[in-house]
Amino acid sequence: MEKESTGAMKLPIINLENEKIDEIERPSVFETPVRHDVIKRAVIALQSKKFQPQGRDPMAGKRTTAESRGTGHGMARVPRLKGSSRAAFGVSIVGGHQAFPPTSEKDIVKRINKKENRLAIKSGIAATAVRDLVEKRGHKFDLDHLPIVVDDEIENLTKTKQVKNFFEKIGMMSDVERADRKKIRAGRGKTRGRKHKLGKGPLIVVSEDKGISRAARNLPGVDIVQVDYLNAELLAPGTHAGRLVVWSRSAFELLDEVWED
C-alpha cells in the first residue's frame, strides 16, 4: 500500500490562469493508506448494480416426447424419441436440457459494508495525491504538485470553451485529448451492449454545481461531481486507483468534514 508523508502540508491554490493566489493545508483524509483491495471491492459492488440478470427457459431442452425404453434392447437407457432411436431430453444429449442452468432469480448484486465503502472512498481520495499512481493510470499533466486545488471561480464556468481554456492553461488538455478514444472491446461483450471502451480523463470535484457540469459534459472523459457524492468508481475507474482530480477550494476544505470519521 502507498502512503504519502504525514504531517501538515501546504498546497498552492491556483486561479483559472494557473497563477498561485493562496495556500491551503492538506486535509487529513489524504493520510489514509491506499488499500487497492478495498477499492476494488467497492467499485465492483457499484458495477454489479448495472449487471443484467440472465437465466434459461425452465422448459429448454424438455419440449419433447422422448422416454427411456428401459433394458433389454441392446442400447443405452437414455430417453429416445418415439418411433425413432434418436436420443433427446437428457443432460448428456445434444439438444437436451442443462443440469443446473443459470436462473434469472440469482442475486448478482455484490454487497459491501458501509464502513468498508467509506474506507474505499477515503483510500481513493488519498490515491489521487500519489503521483506514481496517477502517472501509472496514464494521466498527462504539467503541474508539479498534487492534489490540484483551484479557486472557486471554476464552479461558475458555464461554457465548454472556458473549461477547455482552463485545462490548456494548467497543462491538462493533453489528458482530455488522450481520453478521446473508443476501443472496441474483446470478446462477447461486443454483443451485449458494451462494444466500446471509453477513455477516462480528469475528474473535477466541486462543493456546488453552478453550471460547470453542463459546461464540461461535452469534453471526453471529464466527469464532474460534488464532494459529498464522491464514490469509489469515480475515484478509481476500472478499479485502478489514482485518477487525476481537480478540486475547487471549497470542496477541498469540506473533505475532512464530509469523509473523515
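In this predicted model, the second largest pocket holds about 230 Å³ of space. Its lining is made up of 14 residues, and R56, D57, P58, A60 and P101 are the closest to its centre. The largest pocket has a volume of about 1,500 Å³.

**Lining of the second largest pocket**
- By class, four of the lining residues are nonpolar, six are polar and four are charged.

**Lining of the largest pocket**
- A total of 39 residues line the largest pocket, and Q47, R185, R194, E233 and G238 lie nearest its centre.
- Two or more lining residues come from each of helix 1 (36-47), helix 3 (131-136), strand 5 (196-198) and helix 7 (232-235).
- Helix 3 provides the largest share, with three residues.
- The lining of the largest pocket comprises 17 charged, 12 polar and 10 nonpolar residues.

**Partners of strand 8**
- Strand 3 (residues 148-150) runs parallel to strand 8, and three bridges join them.
- Within this pairing, V150 of strand 3 stands opposite S248 in strand 8.
- Strand 6 (residues 203-206) also pairs with strand 8 in the parallel sense, over three bridges.

Notes: Residues are numbered from 1 along each chain as its sequence is written. This is a predicted model: local features need pLDDT of at least 70, side-chain atom pairs count only at pLDDT 80 or more; totals for chains, interfaces and linings use all residues. Side-chain values use heavy atoms; hydrogens and water are left out. On a 1 Å grid over the protein atoms alone, a cavity is a set of points where a 1.4 Å probe fits but cannot get out, and a pocket is an open set with protein on both sides within 12 Å along at least five of seven lines; lining residues have an atom within 4 Å of a point. Grid points are joined across faces, edges and corners, and a volume is the space filled by probe spheres set on the points. Helices (H or I, at least four residues) and strands (E, at least two) are DSSP runs, numbered from the N terminus. Ala, Val, Leu, Ile, Met, Phe, Trp, Tyr, Cys and Pro count as nonpolar, Asp, Glu, Lys and Arg as charged, and the others, Gly among them, as polar. Two strands pair if DSSP finds at least two bridges between them.
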